[in-house]
Amino acid sequence: MAEIYTVDEQIARVKTGEKKPRLLLHTCCGPCAAGTLANIAQYFEVTALYFNPNIMPRSEWEKRLDALKVVLKYFGDIPLVVPPQDDGQYLALVKGMEGLPEGGERCARCFDLRLSATAEYFAERRDDFDFFATTLTVSPHKNAALINEIGMRIAAYRAVPYLCSDFKKHDGFLKSTRLSKELGIYRQSYCGCRFD
Ligand code: SF4
């Protein structure tokens, strides 16, 4: 069975003097990045990756990216990667599932798409990162266990280590709302696809 890595374990190692791991962090928006980074930025060498072809319309995708840039600057100019993407990739994947409620199979595919792209980016640059993870688990509307299950499956397929998280812990979501207000960034009122 593949080894399971967790954010908390890695933080504990750094606290005992070990080198900070290099983390490729899939980021879905500024607020979720804010809540996550508030708890982990000091323990990892973070590179953020914004791959969210599920976010519609494009103007919304851009607004969330702009908010993310403000957050990354606040945490010390964390580098950002934005791979090519368009909503056609997402729409093809969830065709026929538009009417499903949030939290079902459509969302599982949506997580898979975003984490697969992150793992693919990692696999092409193996020497640059130690782990990948996602800010998606900071949301109280998202099932962290399901996201971690998908992340570990993709990690096994790509042979790149995934870091299990539940960024809601340690007041992650509360910190997300507080810091977003403090920074004056855009906070969306819907998940992304407009089917929810
Ligand atoms: S509700 Fe959110 S997670 Fe679910 S499919 Fe839509 S954008 Fe993706």
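Where in the chain does P57 lie? P57 is placed in the loop between β3 and α3, where helices (H or I, at least four residues) and strands (E, at least two) are DSSP runs, numbered from the N terminus.

## Basis of the description

The model described here is predicted, and local features need pLDDT of at least 70, side-chain atom pairs count only at pLDDT 80 or more, and totals for chains, interfaces and linings use all residues. Residues are numbered from 1 along each chain as its sequence is written.

## Overall form

The protein has seven helices and six strands, and from the N terminus on its elements follow the order β-α-β-α-β-α-β-α-α-β-α-β-α. Taken along the principal axes, its C-alpha atoms fill a box of roughly 50 × 45 × 30 Å. The radius of gyration of the protein is 16 Å, which agrees with the value near 16 Å that a compact globule of 196 residues would have; this radius is taken over C-alpha atoms, and the globule rule is 2.2 Å times the number of residues to the power 0.38.

Of the 196 residues, 42% are buried, where a residue is buried if 20 or more other C-beta atoms lie within 10 Å of its own, exposed if 12 or fewer, and partly exposed in between, with C-beta atoms placed from the backbone. Among the contacts with a separation of 6 or more, 77% are between residues 24 or more positions apart, two residues being in contact if their C-beta atoms, placed from the backbone, lie within 7 Å.

## The ligand shell

The residues surrounding the ligand are N54, E102, R106, C107, C110, C191, G192, C193, F195 and D196; a residue is near a molecule or strand if its C-beta atom, placed from the backbone, lies within 6 Å of it. By class, this shell has five nonpolar, two polar and three charged residues, where Ala, Val, Leu, Ile, Met, Phe, Trp, Tyr, Cys and Pro count as nonpolar, Asp, Glu, Lys and Arg as charged, and the others, Gly among them, as polar.

## The loop between β3 and α3

N54, one of the residues around the ligand, is in the loop between β3 (45–49) and α3 (58–74). N54 counts as buried because it has 26 C-beta neighbours inside 10 Å. Beyond the residues up to four places away in sequence, N54 touches Y90, C110, G192 and C193, and its C-alpha atom is separated by 9.1 Å from that of C191, although the two are 137 residues apart along the chain.

I55 is found in the loop between β3 and α3, and it is buried because 25 other C-beta atoms lie within 10 Å. Leaving aside neighbours within four places in sequence, I55 is in contact with E60, W61, R64 and G192, while I55 and D87, 32 residues apart in sequence, are 7.3 Å apart in space, C-alpha to C-alpha. Further along, M56 and P57 are joined by a cis peptide bond with omega of about -10°.

## Helix packing

Helix α5 (residues 105–123) and helix α6 (residues 144–158) have axes that come within 9 Å and cross at roughly 40°; axes are lines fitted to C-alpha atoms, for helices over the stretch in contact, and angles run from 0 to 180 degrees between N-to-C directions. The crossing of α5 past α6 is right-handed, a crossing being left-handed if the near helix is turned anticlockwise from the far one by less than a right angle, and right-handed if clockwise. The contact includes A108, F111 and L115 of α5 and L146, I150 and I154 of α6, and by class it has ten nonpolar, two polar and three charged residues.

Helix α2 (residues 30–40) and helix α7 (residues 172–183) pack at an angle of about 120°, with axes 7 Å apart, and α2 passes α7 in a right-handed crossing. Among the residues that make this contact are G30, C32 and T36 of α2 and F173, S176 and L179 of α7. By class, the contact of α2 with α7 has six nonpolar, seven polar and one charged residues.

## Backbone exceptions

Most residues other than glycine have a negative phi, and most peptide bonds are trans. A159, in the loop between α6 and β6 (163–164), is not a glycine but has a positive phi of about 60°; A159 is exposed, with 11 other C-beta atoms within 10 Å. D171, in the loop between β6 and α7, likewise has a positive phi of about 60° without being a glycine, and D171 counts as partly exposed because it has 13 C-beta neighbours inside 10 Å.
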